[in-house]
Every structure is written in structure tokens, then in C-alpha cells.
Amino acid sequence: MRRIGGQILLWLQSGTLRLLVLAGIILLAWGTFAPVGTLVWWLSQSSESLGIKKDPTKKLPRDNRSLEVDKSKNIDCYIVFLPGVGDFSANQLTLGEEIFLNKLEQIHRNCVTVRDVFPYSAANESLGGQRLLAPLWSAAEKGDGLFSNTDVLIKIRNLWRFAISADDRYGQIYNLGIANAIIDRMNAVYPLSKRPKQGLKVILVGTSGGVQVALGAVSDLEQWLNAQLIVVSIGGDFDGETGFDKVDHVYQLVGSRDWIEDISQIVFASRWPITVGSPFNQARLQGRYTVMKTGPHAHSGSQGYFGTTTIGQSQTTYVELTLEKVNKLPIWSNRNQRQ
């Protein structure tokens, strides 16, 4: 607690304080209406488009990415990446994130990566595609000079989607949309078999708020796919309720300088040790939740999990260290597959 308090005080002493106060006032009021977009999306969908009345694996790819995958490969693993709350669109990966995903594909030849799921839109639509507020989000994303800190608007906006995913009232609808988008983009990368084999593995890799959304999608994915579902949280935040009763295993990777990750452990009662009956604590007691220390990572930035700068005097970058830790997880062989 003392460490978190000190970090917050240092943060508030920066020049962003006035901007944050203004953004907080505006977006607190605006956040009251945040679920409206999810409900409008829900009403615009048919039962078939949501995969309720038909097998969602029958969807056809919407792009040509699948043509890049060698069809002779024995693909039985999908790595779905869900980015943090600072992202503007589904295709806005950082250099470090690209390096991380490229290396995973190179090392694990039976896996393909899905990189274009935007976890902060039930319709998988980037902020630039939202016609009414697109100019605002574009200005915030490109802000410089006097407005160099306006990207905080995007982070706060996406945090509301994080909250919706965890909300008992709207979360089921929102998470269904994300699960639908995941299936769609998996198909686009490498078409799912209509009769998926027993060994199919779906690894949802999330960072920051993307982990909450990944866990939210697990329930629907579990119904639609005959697959082992694994969530790899890289400095992620989650409520400890959603998805833990359905996921096969959650691995939480934490850096020693990531104080943001500590906040959700305090805010959400389901993460407290005394709430023994919560889905999170049940998963922990059953051995389906594992914490791994990654090293001197911060939550984000050049020294974050996907930072491309070197660590101290070593030749290892922060993202290479993250990759090393992820590759040590016992998820890449068949010995952990569901019986």
C-alpha cells in the first residue's frame, strides 16, 4: 500500500494533474453512458451473427492473412493477443509486441498468432471507426506539444470497457462480442476445423486490461470450441470473478516494478485471500492459477514487459526477458492437455 501511495503521489506531481482532473470529470459523466454502445451493438446483431444458432467455426475469413500460413503445418495452437488500455485500434501493436509475437510463432511452429482483436469494443471496431467520437480519439492518439498527454483520454475510455467486461449487468453481452471477434479472427488467420481435434489449444495472452476481457470471453469460447483454454496474463488486471470457473489455467507474470498490477488485488474483493469461495481463490486452491516473477519489468514503457531497451549492462532487452519467461511456462507441450 505504501509503495502504491508513493507512486500515485509522484504521478500527481507531474504536469498531467490538471489534464487528469478535467479528463476525469468529463469521462466520469460520459462513462455513465458507456454501456449504451454495448447494448446498441447487441440489438443490431442477429442470433446467427453471434454464433448462437450456428457453429461459429463456419465463418469465412474476412482477409487474406490465412494465405500466409503454410497449410502443410500441423496447426493445433492459436495464440490470441489482447493489448492494454492504451491501445487505439486492433492493429496498433508496439515494436516490442510485434517482436514478442513473431518470436513465439518462430519457436512454436504448431502455433499461429491472432493480433487483430481490439478488446475495448464489442464489435472489434477501432476508436477511429466510431464516427461520432472518431475525431476526439484520433486527436488524443496523435496529440503532441501542449496536448502530449491527451492519450490519457483513450486509457480512461478503455478502462470503462474493462469495467463493463467485469460488470454483472452488461459483462455477459460485452464478453460475448469479444468471444465472437476472437473466433472470427482465428478463422481469418487459419481456418478452424469443423471438427476440431482434441488437442486444440487456445492461449489468450493479455496485458493490462486485456486480461479481464480475455477471461470474460472464456465462457463462450469454452462452449464453442473443443479446446484447452489458457490465459497468460503479462502484468494484467482482472476482477477474480469472470472466467475463472471455465479456464483451464491462468498464469500471472509480474514484474518487480509493476505497481499497477497491485491495484486490482486491492480493489476487487474476489482477489482477497479471505474470500475463499471466490472463483479466483478456488482456481488458486485447485492449482489452476500460477504466479511467476519476470524480473525488473515496469508496467509499460521502454522498461515494461515489451520494452526494447536493454536491461542494465546486459545485452538482453526487456521483451526478450518476457519471451524467455513465457517460453518456460508448461503450456507448449501436450502434457497439460485436457483429459
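This is a predicted model: local features need pLDDT of at least 70, side-chain atom pairs count only at pLDDT 80 or more; totals for chains, interfaces and linings use all residues.
**Nonpolar cores, aromatic pairs and a helix contact**

In the largest nonpolar core, which holds 44 residues, the members that touch the most other members are V80, I182, M186, L204, L221 and L225. Two or more residues are given to this core by each of β1, β2 (111-114), α7 (171-189), β3 (201-207), α8 (210-224), β4 (228-234) and α10 (279-285). When residues up to four places away in sequence are not counted, I182 touches V80, V117, L204, A217 and L221. In soluble globular proteins, nonpolar side chains tend to be buried together.

Aromatic contacts were examined next. With ring centres required to lie within 6.5 Å, the count comes to ten aromatic pairs. In one of these, the ring centres of F81 and F306 are 5.9 Å apart and the ring planes stand at 90°, so the pair is classed as edge-to-face, for which the angle must be over 60 degrees. Because F81 belongs to strand β1 (residues 77-82), whereas F306 lies in the loop between β6 (289-298) and α11 (318-327), the pair ties together parts that are 225 residues apart in sequence. Both partners fall under the 20% limit for burial, since the relative accessible area is 1% for F81 and 11% for F306.

An edge-to-face arrangement is also found for F280 and Y289, whose rings are 4.7 Å apart centre to centre with 70° between the planes. F280 counts as buried at a relative accessibility of 5%, and Y289 likewise counts as buried, at 11%. This pair belongs to a cluster in which ring pairs link F280 and Y289 with F238 and F244. The ring of F280 additionally has a charged group placed over it, in that the charged end of R271 sits 5.0 Å from the ring centre.

The packing of two helices was also characterised. Helix α4 (residues 95-107) packs against α11 at an angle of about 35°, the axes being 10 Å apart, and the crossing of α4 past α11 is right-handed. On the α4 side, the contact is made by G96, I99, F100, K103, L104 and I107, while α11 contributes V319, T322, L323, V326 and N327.

Key:
Residues are numbered from 1 along each chain as its sequence is written. Side-chain values use heavy atoms; hydrogens and water are left out. Rings of Phe, Tyr and Trp (its six-membered ring) pair if their centres lie within 6.5 Å; planes under 30 degrees apart count as stacked, over 60 as edge-to-face and the rest as tilted. Helices (H or I, at least four residues) and strands (E, at least two) are DSSP runs, numbered from the N terminus. Buried means under 20% relative accessible area, exposed over 50%, partly exposed in between (1.4 Å probe, protein chains only). A charge sits over a ring if NZ of Lys or CZ of Arg is within 6 Å of the ring centre and within 35 degrees of the ring normal. A nonpolar core is a set of buried Ala, Val, Leu, Ile, Met, Phe, Trp, Tyr and Cys residues joined through side-chain atoms within 4.5 Å. Contact means heavy atoms within 4.5 Å. Axes are lines fitted to C-alpha atoms, for helices over the stretch in contact, and angles run from 0 to 180 degrees between N-to-C directions. A crossing is left-handed if the near helix is turned anticlockwise from the far one by less than a right angle, and right-handed if clockwise.
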